[in-house]
Amino acid sequence: MGRAKRGSASTRARKDARVGTSVAAIQQDFADNLFFCVAKFPAVATRNDYYLALALTVRDRLLDRWIDTARTYLERKSRTVVYLSAEYLLGPHLANNLINLGILEEVRQAIAPLGLDLDELIEQEEEPGLGNGGLGRLAACFMDSLATLEIPAIGYGIRYEFGIFDQEIRDGWQVEVTDKWLRLGNPWEIARPEITHEVKFGGRTEAYRDERGRYRVRWLPERVVKGVAYDTMVIGYGVRNANLLRLWKAEPRESFDFQAFNVGDYYGAVHEEVVSENLTKVLYPNDEPEAGKELRLQQQYFFVSCALQDMIRIFHQRIDDLAEFSQKYAVQLNDTHPAVAVAELMRLLVDEYGMDWEPAWDITTRTFAFTNHTLLPEALEKWPVSLFGRLLPRHLEIVYEINRRFLEEVRSRYPGDGERVARLSLIDEGGGRHVRMAHLACAGSHAINGVAKLHTELLKSELLRDFHELWPERFSSKTNGVTPRRFLALSNPELARLLNDTIGAGWIKNLEDLRRLEPFADDPAFQEEWRRVKLANKRALAAQILARTGIAVSPESLFDVQVKRLHEYKRQHLNLLHVVALYLRLRDDPALDVPPRTVIFGGKAAPGYFMAKLIIKLINSVAAVVNGDARVAGRLRVAFLPDLNVKNAQRVYPAADLSEQISTAGKEASGTGNMKFSLNGALTIGTLDGANVEIREEVGAENFFLFGLTARQVREEQANGYDPRRCYAQDAQLRAALDLIASGAFSGGDRALFRPLVDSLLNRDEYLVLADFASYDACQRQVDRAFADRARWTRMSILNVARMGKFSSDRAVREYCHEIWKVAPQRIEARADDCRWPARAPDAAQRPPSTRL
C-alpha cells in the first residue's frame, strides 16, 4: 500500500512539473517549450517565438484535460453531440484558453520576470481564418458552451489554408488581400496524419446483386482525395472537460507521380496534389462562376464525408452494431452547407455496410437535426442537378429515392394537391432543375429549428410552411446566444472586474446572475464607476481608430456603432442616410443642440457583391467630407474600421454607446452582434427583427430605441405596390440627403459614382430603407435626448447588461441538449494515474484494432 501511494505521488509530481498551474510550473514549462519545441533561447527569441512557447505551454494543460476527457468518454461510451459546420469563427485562442483554465494572472506573473508583457503576446496571435460571419461565430460559441456544460461533443469542419480575406481600404474601396493565417504556424492544432479518410468524386455507378440477391449499387469514382485530420482542443470554463474540434485538410492519395517526373512532366508530377489541395485552400470561394459553384459543393461533401466516416470509425471502437448509431450520436446540421450529409450517411449505411433502405433511413432521421439560419430565399442553397450528378452521381440517385418515398407520403397526406407536392419536392423543376438542400435537410432530420422566436414563426408560416404543416412536431425555436467568457470576461476586463467586485464571478458560468446588478442601476457611485469603465474602453477604441484610419475621434462623444457583414438588408445605407441628414442639419444650424456623435462602421462585403462594396466606398467618401468640414468639427465624425474580425470586434463591443441593429424586419434570422453589444452596456436602436424582439422583451421597452415597420407591415407594403419615390417626395430631409449624394458632393463632383445606389433606392428599395427613414430619424433624436441625460443613459446601460442572462450560448445549448439532442453532462475528474506510463503494455492480441480518437 505504501509503495502504491508513493507511486501515485510520484506520478502526480511528474504531471505537475509539466502541466501544473502554479507560477513556478508554468515558468518551467514555458522555458522548456521555448528551448525544446521552438528551438530558441532568450537572447535570440522573437516575440513570435515567445508567443509559440507560451501557446504550447497552455496547450500542454489543455491536452492534460483532453486526455482525461477522451478516456472517460471512451470508457463510458458517452452519447456525443456532433456539430457539422462549414465554418468556425473561433477568434484567437490564447487569452480565451487562459480565462477558461483560470490561469490568466498566473501566466502573467510567470513571464513577467523575463521582461515579457502578456498583452503583447496575446496581440501577436493571428486570428484563425476558419469563419466569416454569425453562423461561424455561433458554432464557436456553441463549442465553448458544450465544453463548459460538460457535454461530450465533436465539431467537424474544414481546415482552410486561407481565410475569406483580409480587408484593406484603398481610396475608400474594399480591397481583398489573402488571409495567410497559417504562415507562422498554428500551435493549437495537432496534425493526425494517421487519421485519414478517402472521399470520392465524379465517375459513374453500376448496379449488382449481393450474395443474398439484394439489389446494390457501387460507385466507381473518377477521382479520390484524402482527408487528413487536424485537431484543436476546446476547453470548458472552470471544468476539466475538453472537447474536440476536428478539421479536415484535403490531400491527394499520391502526392507525387514519380513516373511523370522521370519523363520530364514536372507539372504532371504534382498535378494531383495541386487539384486535391485546392479543395481546402479558401473559405467560401467566389461561387458566381461555375467553377466556384463546383468547388463549393466539393468542399461541403468533402468535410461531411470525412466526418461521417470518422464517426463510424470511432463508433466501432466500442460498439459493433451500426443499428445503435443514432443512440451514440446526435448530429446538428449548422444550416444547409452540411445537408448533403443526409445522402452521405445513407450511402455509407446502404452501400458500404450493407443495410437495407428502411432501417438505414430510420437511423439517418434519428441522427440528424437541422438549424436554419436564414429567411432570404436566395440564401437557401440549391445545386443544379447536372452539377450535383456529375460530382456526386451516387448521391443524386439516393436523393431521387429519398424524394420518391417522401413524395409518396406527401401524396397520401394531401391527395390531389399537385402544387404542394411540387413545393415540397427535393428537386426544384422550375428554371432549370436543382437539388434543394434545405428540403433534403428537413426530410432527413427529426428536428428543425429556427434561431429566434420571430425567425421560427416566419419559417413556419412562410419559408418552410409546407414542412411545418406536414410535421409540426419537428419544429422548435432555439434563440441564439453568445459566450460570456469571450464577449465579456475576455473582451471587457474592466467591466468584468467591476461585476466581480459587485455581484461576484458567478455570472461567467451562469449569466442570469447579472440580474443581481439591477439594485445598483440608480446608485450614483456605481453609475460613476460604470461611466469610468465605458470611457476607458472608448479611449482604447479611439486610439485603435486613429492607428488604423488616421481619424481622430473624441471618446466623450456618443459612439454610434454598426459593425457587421455588409448586406443591403442589414441597411448600413439607412444609417449613412441619417449621417448625411445630420451633417446637413449641423452644417446649416451651428446652434443645433445635439450631443457630439462619432459614427463607426465596420464589416466585409462579399468580393462579388457590387452594391455592398459601393456602400463601403460611400461610407468612406462621406467620412472624408464630414471629417474635413470645419463647420461640424467636434460635433460629428465618421470612421470605417477595416478588417472586422473577432479580434478587432472584441475592442469595439465594450466601447459602443449605441448599437445599430437596423435590418429590415423579417430578414435577419437572429443576429448575435446585438447580444454582444447589449452585454457590454450599449443601448440598441433597432427594428423588431430577429433576436431584437426578445432583447427588447428582456431589457424593457423603455431601455430600447425602437423604430420602423414590423415584418407584417413590410409584407403589406410590398404587397400593396410600395413606391419608394413617394417617401422621397414626402420627406424633405430624406430628399436633401439623397440629392446631396447624387450631386457628386461625396465623389469629387462625379455624379455617376453613386448613381447605382441612389437609383436602386429610388426605383426598387427592396429592403424599404426609404420607408423606414422618417421613423429612424425620429428615433435617433430620442437617442440624442437620452444621451444628454447622463444618469438616465447610464441607468439604461446597466439594466441592459443586468437583463441579458437569456442570451448566453450556455442557455441555448441546454435547450438543444434537453429538447433535441437528449444528451446528459459527463463530469471529468482529474485522474490519479498517468496514462502516458502504463504499468504494462497490453499484448497485441488484447489491443483493440483501432483505439485512436
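The lining of the second largest cavity in this predicted model is made up of eight nonpolar, six polar and three charged residues. The volume of this cavity comes to about 190 Å³. Its lining counts 17 residues, and those closest to the cavity centre are Leu90, His93, Asn96, Val234 and Arg486. Three elements, helix H4 (94-101), helix H7 (134-148) and strand E8 (223-235), each contribute at least two residues to the lining. For context, eight cavities of 30 Å³ or more are found in the structure.

Turning to helix packing, helix H12 (residues 341-352) meets helix H15 (residues 393-413), with axes that come within 9 Å and cross at roughly 100°. Angles of 65 to 115 degrees count as roughly perpendicular, and H12 and H15 are therefore roughly perpendicular to each other. On the H12 side, the contact is made by Val342, Ala343, Glu344, Met346, Arg347 and Asp351. H15 answers with Arg394, His395, Ile398, Val399 and Ile402. Sorted by class, the residues of this contact comprise six nonpolar, one polar and four charged.

Strand E3 (residues 166-170) pairs with strand E4 (residues 173-177) in the antiparallel sense, and five bridges join the two. Within this pairing, Glu168 has Val175 of E4 as its bridge partner. Two residues lie between the strands of the hairpin, where Asp171 adopts a positive phi near 55°.

Definitions and conventions: Residues are numbered from 1 along each chain as its sequence is written. This is a predicted model: local features need pLDDT of at least 70, side-chain atom pairs count only at pLDDT 80 or more; totals for chains, interfaces and linings use all residues. Side-chain values use heavy atoms; hydrogens and water are left out. On a 1 Å grid over the protein atoms alone, a cavity is a set of points where a 1.4 Å probe fits but cannot get out, and a pocket is an open set with protein on both sides within 12 Å along at least five of seven lines; lining residues have an atom within 4 Å of a point. Grid points are joined across faces, edges and corners, and a volume is the space filled by probe spheres set on the points. Helices (H or I, at least four residues) and strands (E, at least two) are DSSP runs, numbered from the N terminus. Ala, Val, Leu, Ile, Met, Phe, Trp, Tyr, Cys and Pro count as nonpolar, Asp, Glu, Lys and Arg as charged, and the others, Gly among them, as polar. Axes are lines fitted to C-alpha atoms, for helices over the stretch in contact, and angles run from 0 to 180 degrees between N-to-C directions. Angles under 35 degrees count as roughly parallel, over 145 as roughly antiparallel, 65 to 115 as roughly perpendicular and the rest as oblique. Contact means heavy atoms within 4.5 Å. Two strands pair if DSSP finds at least two bridges between them.
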